[in-house]
Every structure is written in C-alpha cells, then in structure tokens.
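Thank you all for coming; I would like to take a few minutes to walk through one chain with you, piece by piece.

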Amino acid sequence: VCARIRNKSNNKEESCIKVINDTTIHLTPGDSKLTECQFSRVFDSNVSQKRLFDCVAQTMVDDLVRGKNGLLFTYGVTSSGKTYTMTGSLEEPGFLPRCLDMLFNSITAVQASKYVFVPDGMNGFHVQSEADALLEKQERDILPQLTPKTPNKIESAATFSFRNINVHYKEKNINPECRYSVFVSYVEIYNDYVYDLLGDVQLDPFNRPKPPQSKRLREDKNKNMFVYGVSQVEVASTEEAFAAFQQGQERRRIAHTQLNAESSRSHSILNIRLVQAPLDPLGEDLLQERSLICASQLSLVDLAGSERMARTGAGGERSREAGNINSSLMTLRRCLEQLRENQKNGSSDMVKYRNSKLTHLFKSYFEGHGKVKMVVCLNPNMAEYDENIHVVQFAEMAQQVEVARSEDFKVDTESIKRKAMEAKVKAEEERRKQHTAMKQLNKEASGGCLASPDYSLGQPFPNLEVMDYADNETVPGLISMLEHRIGRMNAIKKRVSRYGEIFRSNLSSCTQHEQSVQQQLKDCEADLANKTKELNKLDRQVKKLESKNQVLTRTTQVFEKEKKQLQDQLSDAEAMLKSSQSDSRRLEMKMKGAVANTKAHVEKECEKRVRTVQTEMQEKMWVKDERLRQLKNIIS
C-alpha cells in the first residue's frame, strides 16, 4: 500500500499532511492533535508519473509476462487525483498507458498473428490455425471496411499517442519459444451493477440505442471470478489498446459535484490479459494443447471516490450513486478486516465477498491468485482532514493483510524443447545404424559363394552286349566301372556330408542375419512412419498455404470488384463533369450574349435619359435667365 499526495488547490492554504520520510506521514487538523501513518512507500506532490510507475507498477508488468496475475487500484476521497494517477494526460501518462507501452515493447518480436488466440467465453482461450485466423481477420477487419460503418462498431485503430513516454521499458524474460497476444476488457460497476464498456451498442426498432444490460459474475475452472459475456478486444499496440479504453471512457458515468467537475460515479476496471502458448518442436506453429496455454491478467482499477453527500452537494440520482459507492467501499473494508482477523486468530470465518460486486469480482485476488497493490491518493487541503483520516486508517489496516499466493501456471517450454532434441538425436542414431546395416548387407551380398559341386558318377555305361561266352573284356570292364562308380559315390557321400555341415552352419548364420535384417526392416518402417508424418505435416502446410492463397484470392477479387465499381463511378463522374462543363460553357456564352444585349440596351436608355435631362436642364436655365433678365430690368 503506497500513498500519493496531490498538489494543494490553494498554495496559501495550510496543508493537513506532512511527509516525514519515505514511509511516514503526519496528519494534523491544525491544532496540537497529531496522527502518524505508516505506508509501504510515500510519494509527495513533486513525484513524477514516471517515478511512480517505476516504483509501483513496473514489477506488476514483469509478473504479467511471467504468467502471474496482478491487481492495482487507486483509492481515496473524491478529487484526490485517483484518475490522474491511473490514466494521466498526454504530457504525463499514468499507470495505464505506461503498462501497455512496456508490455508491447516486450512482446513485439514474439507477438502472435491476430485471431490465432480465440476466447472461449469461459475466461479461457484456445488456439486456431493460421488459415482460420486469416479467414477471421478477413471477415472482421477487411470486409467491414468495404461496407458503411454502423454506430455500434468499435474502431480497431487509433492515431492517439503520448508525448512523454521517453523511456521504452522492456521485460527481458520473454520466452522466444512462445507467442503472445494481448486482450483488453473494460467494465464499470455502477450502482452495484456490472456494465460492459466495450460491447456493441444495441439498437431498438427505431434505430435508437437501448439502455446497457448488466453482466453477471461467474467462476471459471481455476476458481477465478470473471464477468460473463464481457467483450475481450484483441489489440496489437499501445495506441490501439488506449483507443479501446477511450471509447469505453465515453460511456462511463461521470457527473459534476461541488468538489469535482468530472467526478467518477462508478468503479472502472480495465483488464489487460496476456495469452501465451509454446511453439511446436519445429518452431513453426503454436501447439494447440489447451493445457499449455497460459493467460495472465493485470487489473487496473480506478475506484470511485468516497464522499459525504453534505460536502458534495449531491441530491436525487447523485445521492443514490454516492450511497452505492460508499456501500461498496465499506464492503471492501469489511472483507479486508475479516481477512486480517482470520490471519491474526488463525480462524477461517467466512468473508462476505458477495455483499458487493466489487469484492465478489476480486475475490480470487484476495485468496492468493495474484499480487494486490493499492495507491492511496490524499488531498492535503485542510478541509479534507476528516476524510483523509478514514482513508489512511483503511490503508494501514489493508497493508497488514497477508495471504498465501497460489502456485502460478508456467509453460515448461524447456522440457518440450529437450524432448524434441532427444527425439532428433535418436532419429539420427537410427539413421546411422540403418546406413551401416545396409552397407554390411550389400557387402555380404556382393561377396563370394560356394562353388556348385559335381555330383556325376563318371562316364556313362558302355555297350554291355555279350556275344560270346568266352568274352573276357566286357564283364571285367563292367566290374571295374562299377567299382569306380562305388568309389565315386562314396566320395560324393563324404562331400555331401561335408557340404551339409557347411550348409547347416551357413543356415544358422543366415538365421541371425535374417533377424538383423528384420530389425533393420522395423527401423526402416519406423523411419518411414516418421517421414510419413513429416510428409503429412508438409501436406498440411501446403493446404494451409493453399487456404491462405484462396483467402488472398477472395480478398483480391473483392478489391478488384470494388476497384471496378470505383472505376465505373469515376467514369460516370468524369462523364457528368464533361457534361457539366459543356453546359457551363453554353450557359456562359448565353450569359455573355445576354450581358452584351443588356449592356447595349442600358447604354441606349442611359443616353436617352441623359439627353432628356440635358433638355430639361437647358429649359430650366432658360427660365432662370429670363427671370434674371426681368429682375435686372425691374431693378434698373
């Protein structure tokens, strides 16, 4: 909890606040009574917006990039500088534009394409393909530009820029293996109802805007509270995000009171959501596994000022608004007091968050789902002493509350990258083994084989015809041949036996080789499956590129059609212009003739009138001369 003291409205007036050091202030009503207050940090009226951001909000943007949630809100009485601290001006930007500027400076190099991340309506996101994102971009951004704009469209671009964000902050812990997108939503809590400030304006049958409908609060699967059905606008730059904020500001409730010309009549909440997801092992596409998507949130809250109706001159509707503002702030105080009591006594009494939409929405933060920071804005005018006492008492009580922070979600991209590298090394080893086995197989196949043996028993039988009983050559020759064949057969038997042994030994080695070949075949099949997967991936990429090409072709056709229509309109306009010029020339000639005729007529009329006048004057002069002559005669 930090304190910021604004400038005095009248420098001659005595201040009720005195800064003792960086953590202590003294409050005094002017007499001897003195109240000392302790804060985490105290900023006097001379502190710059940049210094305040460095000390308070910069670490919250760091946490946002690391996947952690944060809540930063300004608290104080009306006309104490809360809105200036949160928003600032063009020359001195506040927390909000500086947080956005630092965030976009950090993620520029790793920003995902627009519409790749899609809200699921239940405070979560899912990832869609680049082709689907391109189609959605065409439907949302390109095609609507070719049609007339309607009042309920929110502009996606802006030329708004700040002139004094000279230091471009940048978070160094950006993971290059992830892609990031930023979504903003802007709501207000007015009379304890939640309204969406960025939603489309609904029109009645008479084309008049309908009154806004309040939104409900719900709890997501991670026990975080969120506004159900709120508009989440994806933004790509600081200017675009602040443009959305400005459009929401135009719908926000403000009113004139005796203490503030533009007093906030509602609590405004700008949620900055950073969504990140890791890339696949090849570093090309985002992994579409929803459990790997991390969505962190920074909520910037400008609380309406607590006020006494007697001092603000509120009445009627303003009185009811002030009552609801004070009631919600009182509920916030009671919830924090109960948390402190539970912490002090070790009890677990129920905290009544549901008594106010403000505390119900931020219930998860107070239960440890994010860091909470509060900047207490104080008005040093002596007339604000009593109000400041209530504010600092609440601030001192709030900074005594401590809750155990829950474990934050973190994408383990290092594990994903390590597994991808292990799979790559294993595939390389398998390829080397297959290459070696194939070389060995080719070497064995090209090696020598056993020669084919000769299994013949000798020469064929001669002519065995016996013509004489005294023939002593045929029978002995037959006996000798048979003996030779028997010897030959025995040798062949021995040879076959030896070759059988060799065959059995070779068969055993072939069985081992077959097993090796089968293992190599399995490895080849596995490699083929991997290659098939890569081929399928390439096919998907080709289809994606074809889809993008189709989208671009359709977009080109739309633009060509629009170009043709514009060319036709231009031709028609040129023809009308030529016709108009011709008519103008004819009219000019006609007017010149009419002018000449009129001029001649006028000149004649003028000459006639001049002659008439001259005649009349001569007659008058003659009469005068005659009278003068008669008068002279009378006198003489």
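Predicted model: local features only at pLDDT ≥ 70, side-chain atom pairs only at ≥ 80, totals over all residues.

Helix α2, residues 58-65, packs with helix α4, residues 95-107, at an angle of about 40°, and their axes are 10 Å apart. Angles under 35 degrees would count as roughly parallel and those from 65 to 115 as roughly perpendicular, so α2 is described as oblique to α4. The crossing in which α2 passes α4 is right-handed. If you look for the residues that meet there, α2 contributes Gln-58, Val-61, Asp-62, Leu-64 and Val-65, while α4 contributes Cys-99, Met-102 and Leu-103. Sorted by class, this contact of α2 with α4 has 6 nonpolar, 1 polar and 1 charged residues.

The helix α2 has another partner to consider. Helix α1, residues 49-56, and α2 have axes that come within 4 Å and cross at roughly 50°, and α1 and α2 are therefore oblique to each other. Here Phe-53, Asp-54 and Val-56 in α1 meet Gln-58, Thr-59 and Met-60 in α2, and the residues of this contact of α1 with α2 divide into 3 nonpolar, 2 polar and 1 charged. Notice that Gln-58 is listed in the contact with α4 and also in the contact with α1.

Now let us turn to a strand. How many of the residues of strand β16 are buried? For β16, which covers residues 267-278, the count is 12 of 12. In a regular strand the side chains alternate between the two faces of the sheet. In β16, His-267, Ile-269, Asn-271, Arg-273, Val-275 and Ala-277 point one way, Ser-268, Leu-270, Ile-272, Leu-274, Gln-276 and Pro-278 point the other way, and all of them are buried. As for its pairing, β16 runs antiparallel to strand β9, residues 178-190, over 12 bridges, with Arg-179 opposite Ala-277. There are also 9 bridges that join β16 to strand β17, residues 294-302, again in the antiparallel sense, and there Ser-268 stands opposite Asp-302.

A further sheet deserves a moment. It is an open sheet of 3 strands in the order β2-β3-β4, with antiparallel pairing. Because β2 (17-19) and β4 (35-38) each have a single partner strand, they stand at the edges, and one side of each is left without a neighbour in the sheet. From one strand to the next, the twist averages 25°. Between β2 and strand β3, residues 24-27, there are 3 bridges, and the bridge partner of Ile-17 in β3 is Leu-27. Helix α11, residues 385-398, packs on this sheet and touches β2, β3 and β4, its direction making about 40° with that of β4.

Is Lys-363 buried or exposed? Its relative accessibility is 17%, and because buried means under 20%, Lys-363 counts as buried. Beyond its neighbours within four places in sequence, Lys-363 is in contact with Glu-219, Met-225 and Tyr-353. The C-alpha atoms of Lys-363 and Asn-224 are separated by 7.8 Å, although these residues are 139 residues apart along the chain.

Finally, the whole chain: it has 13 helices and 18 strands, and 35% of its 636 residues count as buried.

Definitions and conventions
Residues numbered from 1 in each chain as written. Heavy atoms only, no water. Axes fitted to C-alpha atoms, helices over the stretch in contact; angles between N-to-C directions. Helix = DSSP H or I, 4+ residues; strand = E, 2+ residues; numbered from the N terminus. Parallel < 35°, antiparallel > 145°, perpendicular 65-115°, else oblique. Left-handed = near helix turned anticlockwise from the far one by under 90°. Contact = heavy atoms within 4.5 Å. Nonpolar A, V, L, I, M, F, W, Y, C, P; charged D, E, K, R; others polar. Buried < 20%, exposed > 50% of the residue type's maximum accessible area, 1.4 Å probe, protein only. Pairing = 2+ DSSP bridges.
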